[in-house]
Amino acid sequence: MITPNSPEISTLCFHCGEKCDSSKIHFDDKDFCCQGCQLVYEVLAKNDLCDYYSLEAQPGKTQKNTNRSSIQFDYLDDEDVKSKLLDFQNERESHVTFFIPLIHCASCIWLLENLFKINASITSSRVDFIKKKIQIKFLHDKLSLKELVQLLSTLGYEPKINLSDLDKKSKPAIDRKTLTKLGVAGFCFGNMMLFSMPEYFSEVKLLGDGFKRLFDYLNVVLALPIVFYAASDYYVSAWNAVRQRRINMDVPIVLGIIAFFLYSLWEIFAMGNAGYMDSLGGLLFFLLLGKIYQQKTFATLEFDRDYKSYFPIAVTRMVQNREEVVPLVNLQVGDVILVRDEELIPADSLLLSDQAHIDYSFVTGEEVPVPKRKGELIYAGGRQKGNAILLTIQKSPSQGYLTDLWNNESFEKQDKKLLEPLANRISGVFTWTVLTIAVLAFFFWMGKDLNLAVKAFTTVLIVACPCALSMSTPFTLGNTLRIFGRGKFYLKNAAVVERLALVDTLVFDKTGTLTDPANASIHYEGEALSEESKSIIKAMVGRSTHPLSNRINLWLGQHPAAKLDQVEEKKGQGIWAVYKNQEVRLGSASFVGASENDFAPGGNLVFFQVEEVVLGYFHIQSGLRENADLVVKELAEDFSLHVLSGDHSHEEGSLKRALVPTIRFNFNQSPINKLDYLKRLNQKGANTLMVGDGLNDAGALQESMVGVAITDRVSHFSPASDAILDAESFGKIPSFLAFAKDSRKIIKASFGLSFLYNIVGISLAVQGLLSPVLCAILMPVSSISVVIFTTLATNLMGVRKGLIHLKAP
Amino acid sequence: MEVIFVLIAVSLVLAVSFLFLFFRAMKDGQFDDGVTPSIRILFENQPKKSNKDQPKKSKSYE
């Protein structure tokens, strides 16, 4: 336990909870790790907002690494940008919604919703915790959008504003319609059941006939909103299907609704009977319930991101040695831009500065920065590490090597690879069978009793209405979606489950997908390292944040670090240190003066040099992801496997040995090559699943039947895909695929179950024996039993596949 | 038994007014975000006049 009195434990920053090192600031009886944190505290204390600190301990984020330039947000003064970002504007007030990734605790909500205490021009602010969004209403005469964003970022809550925010002028409205329809259907259904009570107990005379008539008429009135409002989506979908000469699930549903409604009207007004209005209400209520159950969304995840979600909204442009911040869309070919440390290069451009170190992890998944020299072309999507660099734009941001992918025709198709759901194919057969039976029953009775013939015809349509049939799919898929979600595999929608079940070909990206940068394999070649040397290296790499340093640091484990007299990191080159009056260098070939060509290609080399003598080098290759070999071996039995890589082929041999020899490897693949490769596989009739991680896989993910983006941090970067897989669940891929196949079997089994009900119902109906009471019992029983069956079956399969863990008793 | 006619009318009026309230709540967006309000309700309202020297600590809300 940390107690404030124990002196050996370093003090934690009052604002962010990070360890305060030598530069600790003592202010107002509290310790702060940096000026930024203290500043935030000061602002809050001045405005009497210190409740922020009492709701959660150390809720803030360290302000150490934020270097803001005063002109950073200048682009927010641009009228065009402003009008696109604002949700609403009138003479006095503006409304704006920001995405703030930092929102993580109750304190965040509290502070952000009390912004009006800091600046009186903010009239209200409201946080959506799950989506990490805040809607702010402010008086734009007194506070500009730019000042508002500046205020937020002073508090540490800098909104993330991306290029894509400018695009969607019409923000997708939240789907409230289905829920409203469910409310209406529930209301009508409940009341109709009440008014049908006398019918259910028709054997017992509860009330006089006058009431029964009134109740029947009330049922008709209550059925109107159901038929004309709640069911409207089904009419549209069925009509669209019929127009395209297809039969989908909604066609028999609509047939049922019409038969129900018209026949009940006839029964009530012409015959003086009760009709089936309550069953009609129940049908719609359960159908809508199933629809909502299937619509599970992972609100924090975005599946449709393209490069615009990663690119900044504005860049720093140099005009006659003066910096100005301009919106990215206004950037012209030939402009000179300034890209600082950790900033993204927004367009293919030529390097004007002497050298740069570009981290392409965004694009390829490889996180070791690539050195670039003056005059080299740098592709968009890279991130500069180190000093600020100057570039001149060669292509507009939407036309680059990477972003050109999105101009490919694959992205034109709205609904990619339309696969007919299982339910639709069955419902075609189903509809024709039911119609045939109804017609046969009609002709059978026609000779004897015309009245009975009409009754048999309509009741067959009514009872065969695929209530249970149409409920098995949404509930099975909805439940599968939830079980996948618990296993950290997030699907875009329920239709993906069905596609997943049909997959027979798996395509993997190599870097970042099969291999894991954090799981590097390191060989040391040269003069054996003494314990002392190891200590020196440990101390040196501990000072650097370079990915290769981190890997060597991990490789050395808990080795004690030596005390160095002097140490300095040359960004992108290596580390220079002095130890016991000896000069030690650790870094690239050029840094130690060796020629890289003398060594085996592949992987990264880090040289260790003491007093101008190279003692040896580390050979660092990105290793396979944990369990990757086991997963691949398991998958190779049932699927045909392919690997696509943008790298050179020097690793092919070692990879084949580590994995399975039957895998087809393809190296030197550009983003477009990857897309075309998937296209060729699809043309050959393969059902493809692509697993990738970087923006360079975006085309292949789009073209494949199921595109799975793999990521270490689920809410962070992932290209557009059908599903997002948390990297730690990589080992479960075989189980996920098997489970998708199981859920397809469950759907088929529940179809069998509902056919059973239909056979019973229809056999009664053709004999003209169906009564409102029987109908009122049969309909809900069949629906509910199917729902229970699918739920139990999917959970059971989930436990068997190890995707649901039962808690130990 | 004729009183049942009145009761039916009353029950329908009641049910319809609940449906109307549901519509209003829907339009207000009460069903859009189910998580934040559950956190928000735990915040204490600060008294209007607060002591500048000693910021008012909210009582623990367990």
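Me: Where in chain A is A:Asn321 placed?

Reply: A:Asn321 sits in the loop between strand S7 (314–319) and strand S8 (322–327) of chain A. Helices (H or I, at least four residues) and strands (E, at least two) are DSSP runs, numbered from the N terminus. This is a predicted model: local features need pLDDT of at least 70, side-chain atom pairs count only at pLDDT 80 or more, and totals for chains, interfaces and linings use all residues. Residues are numbered from 1 along each chain as its sequence is written, while chains are lettered from A and ligands numbered from 1 in the order in which they are written.

Me: What is the phi of A:Asn321, and how many C-beta neighbours does A:Asn321 have inside 10 Å?

Reply: Most residues other than glycine have a negative phi. A:Asn321, although not a glycine, has a positive phi of about 60 degrees. A:Asn321 counts as exposed because it has 6 C-beta neighbours inside 10 Å. The scale runs from buried (20 or more other C-beta atoms within 10 Å of the residue's own) through partly exposed (in between) to exposed (12 or fewer), with C-beta atoms placed from the backbone.

Me: Where does A:Glu611 lie, and what is its phi?

Reply: A:Glu611 belongs to the loop between strand S22 (604–610) and strand S23 (613–624) of chain A. Its phi is positive, near 50 degrees, in a residue other than glycine. A:Glu611 has 10 C-beta neighbours inside 10 Å and therefore counts as exposed.

Me: How many residues does helix H6 of chain A have, and what does it reach from its first C-alpha to its last?

Reply: H6(A), residues 177–195, has 19 residues and reaches 27 Å, close to the 27 Å expected at 1.5 Å a residue. The expected span is 1.5 Å times one less than the number of residues. Its buried residues include A:Phe187, A:Phe189 and A:Phe195.

Me: At what angle do the axes of H11(A) and H25(A) cross?

Reply: Axes are lines fitted to C-alpha atoms, for helices over the stretch in contact, and angles run from 0 to 180 degrees between N-to-C directions. The axes of H11 (residues 277–294) and H25 (residues 772–800) of chain A come within 9 Å and cross at roughly 10 degrees. That makes H11(A) roughly parallel to H25(A) (under 35 degrees; over 145 is roughly antiparallel, 65 to 115 roughly perpendicular and the rest oblique).

Me: Which residues of chain B does UniProt list as "transmembrane region"?

Reply: The UniProt record, an unreviewed entry, lists residues 6–23 of chain B; such annotations may be inferred rather than shown by experiment, feature names are shortened, and positions follow the numbering used here. Over residues 6–23 chain B is 100% helix and 0% strand, with the end C-alpha atoms 26 Å apart.
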